[in-house]
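Hello,

Here is the structure I promised to hand over. Please open it next to this email; my notes follow below.

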Amino acid sequence: MEQYTRYIGFDVSAETIVIAEARPGRDRARDLGAIPYRLDAVTEWVRRQPDAT
């Protein structure tokens, strides 16, 4: 079984959260965009992520 690793970074400011993803073997992180600095926005973003299985 292949292990899948995905590193997610959050850069938080007073109004937004910028999200980036880095995967093993990649030179640079990939910008995934920005969401509002609200719990419901973070929850929705997490729900939209594909399963790691």
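**What I found**

Among contacts between residues at least 6 apart in sequence, 18% join residues at least 24 apart. Keep in mind that this is a predicted model.

**Overall layout**

The protein has 53 residues, and 11% of them count as buried. It holds 1 helix and 3 strands. Along the sequence they follow the pattern β-β-β-α.

Start with the pairing of strand 1 and strand 2. The two run antiparallel and are joined by 6 bridges. A hairpin of 3 residues connects them. Two bridges are handy for finding your way. Tyr7 has Ala22 of strand 2 as its bridge partner. Ile8 has Glu21 of strand 2 as its partner.

Now the other side. Strand 2 (residues 16–22) pairs with strand 3 in the antiparallel sense, over 6 bridges. Ile17 is bridged to Ile35 in strand 3. Ile19 is bridged to Gly33 in strand 3.

**Two faces of strand 2**

Which side chains of strand 2 point to the buried face? They are Ile17, Ile19 and Glu21.

**The core**

The largest nonpolar core has 5 residues: Ile17, Ile19, Ile35, Ala41 and Trp45. Strand 2 and helix 1 are the elements that give two or more residues to this core. As a general point, nonpolar side chains tend to be buried together in soluble globular proteins.

Take Ile17 first. Leaving out residues up to four places away in sequence, Ile17 touches Phe10, Asp11, Val12, Gly33, Ala34, Ile35, Pro36, Tyr37 and Val42.

Then Ala41. Ala41 sits in helix 1. Its relative accessible area is 11%, under the 20% cut-off, so Ala41 counts as buried. With residues up to four places away left out, Ala41 touches Ile35 and Pro36. Ala41 and Ile17 are 24 residues apart in sequence. In space they are 9.5 Å apart, C-alpha to C-alpha.

**Glu21**

Is Glu21 buried or exposed? Glu21 is buried, with a relative accessible area of 3%. Glu21 belongs to strand 2. The side chain of Glu21 makes a polar contact with the side chain of Arg23, at 3.0 Å. What else does Glu21 touch, not counting residues up to four places away in sequence? The answer is Arg6, Tyr7, Ile8, Ala29, Arg30 and Leu32. Among these, Ile8 is also the residue bridged to Glu21.

**The loop at Ala29**

Ala29 lies in the loop between strand 2 and strand 3. Setting aside residues up to four places away in sequence, Ala29 touches Ala20, Glu21 and Ala22. Ala29 and Gly9 are 20 residues apart along the chain. Their C-alpha atoms are separated by 9.0 Å.

**In brief**

- A largest nonpolar core of 5 residues, including Ile17 and Ala41.
- A buried Glu21, at 3% relative accessible area.

Best wishes

Terms used
Residues are numbered from 1 along each chain as its sequence is written. This is a predicted model: local features need pLDDT of at least 70, side-chain atom pairs count only at pLDDT 80 or more; totals for chains, interfaces and linings use all residues. Side-chain values use heavy atoms; hydrogens and water are left out. Two strands pair if DSSP finds at least two bridges between them. Helices (H or I, at least four residues) and strands (E, at least two) are DSSP runs, numbered from the N terminus. A nonpolar core is a set of buried Ala, Val, Leu, Ile, Met, Phe, Trp, Tyr and Cys residues joined through side-chain atoms within 4.5 Å. Buried means under 20% relative accessible area, exposed over 50%, partly exposed in between (1.4 Å probe, protein chains only). Contact means heavy atoms within 4.5 Å. A polar contact is a pair of N or O atoms within 3.5 Å; within protein, one must be able to donate a hydrogen and the other to accept it, and residues adjacent in sequence count only if both atoms are side-chain atoms.
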